[in-house]
Amino acid sequence: MTGELLPARSMAYWENKMTYIEELEQALGRLKTGEREQFVQHYADYLNNHQLDDWAARKTLGTPAELAEKIQVRLANQEFADQDSDKTTNQGHAGHFSWLMWLTAPLYLGLFVVLFFLVWLPSLLIWSLMVVFILAAAFVGVAGVVVVAQSLWGGAFYIGLALLMLGVMFLLSPLATFFSMKSTDWTRYAGSRVMKRLKKGLNHE
């Protein structure tokens with residue numbers, strides 16, 4: 001009876017025993033599904049092409065646990081090498097960007113000066129016109145005071161013209177203030193953008 005049970009127990013053992021590839025798949029459980037399937041398929045094809053059974057696979061490749069450990073170490077080293085390569089590439093790009101920034105700095109500076117002049121030109125013209133009106137009003141007013149002693153109507157004309165110039169100057173004052181505020185806002189915005197770009201370039205160095 002014992003002799004009859006031994007073959008049955010031995011057959012059940014080998015039927016339930018995992019194959020080399022199944023053990024390898026289980027040992028690679030920490031890998032992502034795609035990576036695990038790729039390695040399992042690779043070594044399954046390897047065993048099939050070389051006609052290696054489980055025993056021969058263990059002699060050639062080591063145990064599934066040992067092979068899984070080698071695979072994981074290889075992947076870790078590859079990931080580290082890729083990160084180092086990416087870091088070197090990014091540093092190279094940062095260096096190129098920094099040199100490009102300093103080479104193009106005069107162009108940006110010239111463009112900023114031109115834009116600054118164009119933005120401030122309307123308010124500068126209005127303020128200059130207001131100064132002209134003030135000086136002209138003062139000159140015409142003084143002339144009117146001098147002339148009024150000789151001719152009442154002539155003096156009144158000059159004094160009235162001086163008051164008209166002052167009125168125009170006061171009408172221009174809100175417009176000059178508006179353009180000045182807008183020009184100041186644009187200058188502050190453009191300056192902050194230029195400083196951010198410079199700081200970014202310096203940090204990339």
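Ala 190 counts as buried because its relative accessibility is 9%, where buried means under 20% relative accessible area, exposed means over 50%, and partly exposed covers the range in between, all with a 1.4 Å probe and protein chains only.

The structure is a predicted model, in which local features need pLDDT of at least 70 and side-chain atom pairs count only at pLDDT 80 or more, while totals for chains, interfaces and linings use all residues. Residues are numbered from 1 along each chain as its sequence is written, and side-chain values use heavy atoms, with hydrogens and water left out.

**Overall fold**

The protein has 6 helices and 0 strands, where helices (H or I, at least four residues) and strands (E, at least two) are DSSP runs numbered from the N terminus. Read from the N terminus on, the elements run α-α-α-α-α-α. Of the 205 residues in the protein, buried residues make up 20%.

Helix H6 spans residues 152-204 and includes Thr 177, which is partly exposed, with a relative accessible area of 35%.

**Aromatic pairs**

A pair of aromatic rings is described by the distance of the centres and the angle of the planes. Rings of Phe, Tyr and Trp (its six-membered ring) pair if their centres lie within 6.5 Å, and planes under 30 degrees apart count as stacked, over 60 as edge-to-face and the rest as tilted. A search of the whole structure finds 2 aromatic pairs. The rings of Phe 157 and Tyr 158 have centres 5.6 Å apart and planes at 70°, so this pair is edge-to-face. The rings of Phe 178 and Phe 179 have centres 5.7 Å apart and planes at 75°, so this pair is edge-to-face.

| Residue | Relative accessibility | Class |
|---|---|---|
| Phe 157 | 54% | exposed |
| Tyr 158 | 34% | partly exposed |
| Phe 178 | 43% | partly exposed |
| Phe 179 | 28% | partly exposed |

**Charged side chains**

Side chains of opposite charge can pair when their charged atoms come close. A salt bridge is taken here as a side-chain nitrogen of Lys or Arg within 4 Å of a carboxyl oxygen of Asp or Glu, and a search of the whole structure finds 1 salt bridge. In this bridge the side chains of Arg 58 and Glu 23 meet at 2.8 Å, N to O. The pair links distant parts of the chain, with Arg 58 in helix H4 (residues 54-61) and Glu 23 in helix H2, 35 residues apart. Arg 58 counts as partly exposed, at 30% relative accessibility.

**Surface patches**

Patches are made of residues with over 30% relative accessible area and no salt bridge, like charges being joined within 9 Å and nonpolar side chains (Val, Leu, Ile, Met, Phe, Trp, Tyr) within 5 Å. Glu 22, Glu 25, Glu 37, Asp 53 and Asp 54 form a negative surface patch. Within this group, Glu 25 is found in helix H2, which covers residues 20-27, and counts as partly exposed at 38% relative accessibility.

A nonpolar surface patch of about 650 Å² is made by Val 145, Val 148, Leu 152, Trp 153, Ile 159 and Leu 163. The elements that give two or more residues to this patch are helix H5 (64-148) and H6, and the largest share, 4 residues, comes from H6. Ile 159 has its place in helix H6 and is partly exposed, with a relative accessible area of 31%.

**A loop residue with positive phi**

Gln 51 is found in the loop between helix H3 (33-49) and H4. Its phi is near 55°, a positive value in a residue other than glycine, and Gln 51 is exposed, with a relative accessible area of 74%.

Definitions and conventions
Accessible areas come from the Shrake-Rupley method with a 1.4 Å probe; for residues, only the protein chains shown count as cover. Lys and Arg count as positive and Asp and Glu as negative; His and the chain ends are not counted. The place of a charge is taken as NZ of Lys, CZ of Arg, CG of Asp or CD of Glu.
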